Amino acid sequence: MAVMITDNCINCNSCIDECPATAIVSLDDSPIKTAEFVYVKPEKCIECVDSTVPKCVDVCPT
């Protein structure tokens with residue numbers, strides 16, 4: 001199961017640089033051309049199993 005981006009996302013891209021698995025991409029690099037938010041590649045997301053919370057969640061302002 002991958003981390004999910006919700007409609008609370010403000011596209012600040014903070015999570016992209018924080019992701020150790022490079023699983024999060026910007027709108028421009030999203031494989032879904034109708035995407036409204038940054039995109040998490042589910043096949044790459046490791047949910048930061050070595051942390052108590054995923055690193056992307058830790059830096060998310062929302």
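1. The largest cavity holds about 90 Å³ of space. Cys-19, Cys-45, Glu-47, Cys-48 and Cys-56 are the closest to its centre, out of 15 lining residues. That lining splits into 12 nonpolar, no polar and 3 charged (Ala, Val, Leu, Ile, Met, Phe, Trp, Tyr, Cys and Pro are nonpolar; Asp, Glu, Lys and Arg charged; the others, Gly among them, polar). On a 1 Å grid over the protein atoms alone, a cavity is a set of points where a 1.4 Å probe fits but cannot get out, a pocket is an open set with protein on both sides within 12 Å along at least five of seven lines, and lining residues have an atom within 4 Å of a point.

2. A caveat on all this: it's a predicted model, with local features needing pLDDT of at least 70 and side-chain atom pairs 80 or more, while totals for chains, interfaces and linings use all residues. Numbering runs from 1 along each chain as its sequence is written, and side-chain values use heavy atoms, without hydrogens or water.

3. Now the open space. The largest pocket comes to about 300 Å³. Of its 18 lining residues, Ile-5, Cys-9, Cys-56, Cys-60 and Thr-62 lie nearest the centre. Its lining has 12 nonpolar, 6 polar and no charged residues.

4. The second largest pocket, at about 200 Å³, has a lining of 12 nonpolar residues, with no polar and no charged ones. Among them are Met-1, Phe-37, Tyr-39 and Pro-42.

5. Worth a look: Ile-24. Beyond its neighbours within four places in sequence, Ile-24 is in contact (heavy atoms within 4.5 Å) with Cys-15, Ile-16, Cys-19, Val-38, Tyr-39, Val-40 and Cys-56.

Notes. Points joined across faces, edges and corners; volume = space filled by probe spheres on them.
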